[in-house]
Amino acid sequence: MREELDARLRQELDATRAAGTYKVLRHLQGPMGPEVPMEGRGTILVLSSNNYLGLANHPEVVAAGKAGLDRYGAGTASVRFICGTFELHRELEAALAEFSGTEAALSYVSCWNANEGLIPTLAGPEDVILSDELNHASIIDACRLASRTERRRYKHGDMADLAAQLGETKDKRTRLILTDGVFSMEGDVAKLPDIVDLARKHRAVVMVDDSHGTGVLGRNGRGTAEHFGLLGEIDIITSTLGKALGGAAGGYVASSNEVIETLVQRSRPQLFSNALPPTVASSALAALQVLAREPERVARLRENVAHIRARLKDAGFHALESPTAIVPIIIGKTADAIAMSDALLARGIFVTGFGYPVVPEGTARLRIQVSAAHTRDQLDRVVAALREVSEAKAKARA
Ligand code: PLP
C-alpha cells in the first residue's frame with residue numbers, strides 16, 4: 001500500500017518540478033546573520049530572513065540559551081500542568097505582557113501553535129469570527145479548528161466590509177475580529193485605529209497577530225499597537241519569538257488575566273503538548289532585554305527600510321509605500337519568481353520567490369526582508385543585482 005502512496009506522491013512532486021515551482025531547501029553552514037555560508041554557494045547575503053533586529057546570533061542571546069540549558073536541562077519531559085513549569089517561563093511571560101502592554105501573557109512553542117491554541121478556545125457556537133482575507137495561514141487553520149463557530153472573511157483592509165459584517169452579526173455573543181498587524185506577503189499594516197473604533201462601536205473583540213510587527217514597528221519595537229499609539233488598547237495580541245525576538249522559535253498570546261487563565265485551563269496545545277524549551281525561552285528573554293536597552297536597533301531597521309524602498313523606486317521597481325521590513329516585488333508567474341530568485345542566488349543574494357498557493361495565482365513575488373544588521377552597501381548590492389536579473393529576464397523575453 002505504501003508503494004501506491006509513494007508512486008502518487010512521486011507523480012505530484014514531478015509535476016511540481018515540471019511547473020518550476022518545486023521548493024529547494026538551502027543548507028546553511030553557520031548562524032543566521034546578514035551574511036551566511038551556504039552549502040555549495042560560499043557566503044551569501046540574506047534578505048529572506050525574519051532576523052529583523054539582528055539578534056539571532058547576538059552574543060547575549062546565544063549565551064542566555066546556553067545558560068538556560070545548563071540551569072534547567074532540556075525540558076520537563078512533560079506538559080506544563082502535569083509536571084510543573086519552569087520559573088523561567090513565568091519570567092518570560094511577565095516580560096512579554098509588559099512588552100505588549102497587557103495584563104498577562106502565555107508562551108507557546110510557536111505562534112502557529114498560539115493561534116491554534118487561542119482561536120478555537122475562545123470561539124464557540126454562539127460566536128462569530130471575522131477574519132481579514134489575507135491573514136496568515138496559521139490564523140486560517142486555527143479558524144478551521146473552530147468548526148462550531150460561524151466564520152466569515154472580510155475583504156483585505158476593507159473597513160466598510162468589516163463594518164457591514166459586524167452589522168449583520170449583532171446577535172452573536174462574542175464577535176472576534178482577527179487581523180495580522182503586518183501582512184506577511186504584502187508588507188502592509190492593518191488599519192488598526194479603524195478596526196479598534198469599529199470593535200468598540202460594535203462591542204467586538206480584536207485579536208492582532210503581530211509576528212512581523214514585533215520588533216519592527218513603533219519607536220521601541222513594541223509593534224503595530226505602538227506604531228499607532230494603541231499600546232494597551234488591543235484586546236489580544238499573538239506574536240512570535242521566531243523572528244525579531246531572537247529568531248529561534250516560540251510564540252505567545254498577550255491579553256487580559258481572564259483570557260490567559262482560560263488558555264492555561266482549556267487551550268489544547270497547553271494541555272496536550274510540551275512547553276517552549278528552556279534554551280529558547282531564555283534566549284527570547286535575553287532578546288527582549290537587548291531590545292529594551294537598544295531601541296536604536298529599531299531606528300536602524302527603519303532607516304534601512306526607507307533606504308531600500310527609495311533605491312528600489314529609483315531603479316524602477318514598484319515597492320509599496322510601507323514602514324515594514326517586508327518589501328514584495330510582484331513578478332507574476334510563480335516559475336518566473338522562482339527563476340529570478342535562483343538568478344539572484346547565483347549572484348550571492350538570497351531573496352525567496354513566493355508563488356501559488358502561498359499567494360494568489362498571477363501575483364508571484366520576490367519578497368525582500370530587511371534587517372537592522374544590513375549595511376547600506378549590502379542593500380545597494382541587492383538593488384543592483386535585482387536590476388541585472390530583471391534586465392536579463394526582459395532581454396530573454398525580447
Ligand atoms: N503569524 C504570522 C503573521 C506569521 O507571519 C508567521 C510566520 O511566518 C506565524 C504566525 C508563525 O510563526 P511561528 O514561526 O512562530 O509559528
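**Ligand site and cysteines**

Modeller: This is a predicted model. A backbone N or O atom of Cys111 lies 2.8 Å from an oxygen atom of the ligand.

Colleague: What about Trp112, how far is its polar backbone atom from an oxygen atom of the ligand?

Modeller: That distance is 3.0 Å for Trp112.

Colleague: And which part of Thr240 lies 2.7 Å from an oxygen atom of the ligand, backbone or side-chain?

Modeller: For Thr240 a polar side-chain atom is at that distance.

Colleague: How much of the ligand does the protein bury?

Modeller: The protein buries 81% of the 390 Å² that the ligand exposes when taken alone.

Colleague: Where does the ligand sit?

Modeller: In the largest pocket.

Colleague: Which residues around the ligand come nearest?

Modeller: There are 13 residues around the ligand, and Cys111, Asp209, His212, Thr240 and Lys243 come nearest.

Colleague: How does the shell around the ligand divide into nonpolar, polar and charged?

Modeller: The shell has 8 polar residues, 3 charged and 2 nonpolar.

Colleague: Switching to cysteines. How many disulfides does the count come to?

Modeller: The count is 0 disulfides. Cys143, for one, is in no disulfide, and the nearest cysteine sulfur, that of Cys111, is 13 Å away. The cut-off for a pair of cysteine sulfur atoms is 2.5 Å, so Cys143 does not pair with Cys111.

Colleague: Is Cys143 buried or exposed?

Modeller: Cys143 counts as buried because its relative accessibility is 8%, and buried means under 20%.

Colleague: And what does Cys83 count as?

Modeller: Cys83 counts as partly exposed, because its relative accessibility is 45%, which falls between the 20% and 50% cut-offs.

Key: Residues numbered from 1 in each chain as written. Predicted model: local features only at pLDDT ≥ 70, side-chain atom pairs only at ≥ 80, totals over all residues. Heavy atoms only, no water. Near = heavy atom within 4 Å. Polar contact = N/O pair within 3.5 Å; in protein donor to acceptor, adjacent residues only side chain to side chain. Areas by Shrake-Rupley, 256 points an atom, 1.4 Å probe, with all protein chains shown as cover. 1 Å grid on protein atoms, 1.4 Å probe; cavity = no way out; pocket = protein on both sides within 12 Å on 5 of 7 lines; lining within 4 Å. Sits in = over half its atoms within 2 Å of the grid points. Nonpolar A, V, L, I, M, F, W, Y, C, P; charged D, E, K, R; others polar. Buried < 20%, exposed > 50% of the residue type's maximum accessible area, 1.4 Å probe, protein only.
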